[in-house]
Amino acid sequence: MKKDASQPNLFRDEKSKDKLVYKIDEVCRLTGVDAATLAVWEEDFPFLSAGLTGNGEKFFRRQDVAMIVRIRELIAGNTLTKAGIKRRIEDEFGLARPNPVPPEKLRKALNNVRDELQDIVSSLDGGRKKKP
């Protein structure tokens, strides 16, 4: 089920509905979530990220406002963990998740880098062994 992130169902007037970005106080008023909670959610949910204006004021995009509303709904439902909420938002809003690298593949790549670095050190030393 994919939400329509472009038009969250919380705007009372056409002027608010047509805006591309919203100041933090507007977001708090529209969503019913206070600024401190939004700051915590920005840390918990990396896809939720406020921008900053030239004078340092936070602003959110329309999609961010829709995600905030959905996060609030999911938390109020009290059925998902933070990780579950994160996955649900990523699925509903079509956000890409990074594919995890299998540990064995990562270990092999790191071993190759280590071996190459040891070869470089050996060539710089001229094949000499360092004294301990």
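**A charged network, then the core**

Tutor: Happy to! Let's begin with Glu-92, which counts as buried, at 3% relative accessibility. Do keep in mind that this is a predicted model.

Student: Okay, and which side chain does Glu-92 meet in a salt bridge?

Tutor: That would be Arg-70, with 2.7 Å from N to O. The pair links distant parts of the chain, since Arg-70 sits in helix α4 and Glu-92 in helix α5, 22 residues apart.

Student: Which residues get joined into one network there?

Tutor: Arg-70, Glu-73 and Glu-92, through salt bridges that share partners. The side chains of Arg-70 and Glu-73 meet at 3.1 Å, N to O. Those two both lie in helix α4, 3 residues apart, which is about one turn of the helix.

Student: Is Arg-70 buried or exposed?

Tutor: Arg-70 is buried, with a relative accessible area of 12%. Glu-73 is partly exposed, at 37%.

Student: How many salt bridges are there in the whole structure?

Tutor: A search finds 8. One of them joins Lys-58 and Glu-42, whose closest N and O atoms are 2.7 Å apart. This pair also links distant parts of the chain: Lys-58 belongs to strand β3 and Glu-42 to helix α3, 16 residues apart.

Student: Why does Glu-42 count as buried?

Tutor: Because its relative accessibility is 18%, and buried means under 20%. Lys-58, at 30%, counts as partly exposed.

Student: Let's stay with α3. Which of its residues are buried?

Tutor: Leu-38, Trp-41 and Glu-42. Looking down the helix axis, the buried residues of α3 fall within an arc of 105°, so they line one face of the helix.

Student: And what's on the other side of α3?

Tutor: Ala-36 and Glu-43 are exposed there. As for the buried residues of α3, what covers them includes α2, β3 and α4.

Student: New topic: the largest nonpolar core. Which residues touch the most other members?

Tutor: The core has 21 residues, and those touching the most other members are Leu-38, Trp-41, Leu-48, Phe-60, Ile-68, Ile-71 and Ile-89. Helices α2, α3, α4 and α5 each supply at least two residues of this core. The one that gives the most is α4, with 6 residues.

Student: What does Trp-41 touch?

Tutor: Not counting residues up to four places away in sequence, Trp-41 touches Val-33, Leu-48, Ile-68, Ile-71, Arg-72 and Ile-75.

Student: Back to α5: what do its buried residues pack against?

Tutor: They pack against α4. The buried residues of α5 are Gly-84, Ile-85, Ile-89, Glu-90 and Glu-92. Just after α5, Gly-94 takes a positive phi of about 65°.

Student: Which residue has a positive phi although it is not a glycine?

Tutor: Asn-78 does, with a phi of about 55°. You'll find Asn-78 in the loop between α4 and α5, and it is exposed, with a relative accessible area of 67%.

Student: Last one: which residues form a nonpolar patch on the surface?

Tutor: Val-113, Leu-117, Ile-120 and Leu-124, with about 400 Å² of accessible area together. Val-113 lies in helix α6, residues 103-125, and is partly exposed, with a relative accessible area of 45%.

Key: Residues numbered from 1 in each chain as written. Predicted model: local features only at pLDDT ≥ 70, side-chain atom pairs only at ≥ 80, totals over all residues. Heavy atoms only, no water. Core = buried A, V, L, I, M, F, W, Y, C linked by side-chain atoms within 4.5 Å. Buried < 20%, exposed > 50% of the residue type's maximum accessible area, 1.4 Å probe, protein only. Helix = DSSP H or I, 4+ residues; strand = E, 2+ residues; numbered from the N terminus. Contact = heavy atoms within 4.5 Å. Patch = residues over 30% accessible without salt bridge, like charges linked within 9 Å, V, L, I, M, F, W, Y side chains within 5 Å. Areas by Shrake-Rupley, 256 points an atom, 1.4 Å probe, with all protein chains shown as cover. Salt bridge = Lys/Arg side-chain N within 4 Å of Asp/Glu carboxyl O. Arc of directions from axis to C-beta.
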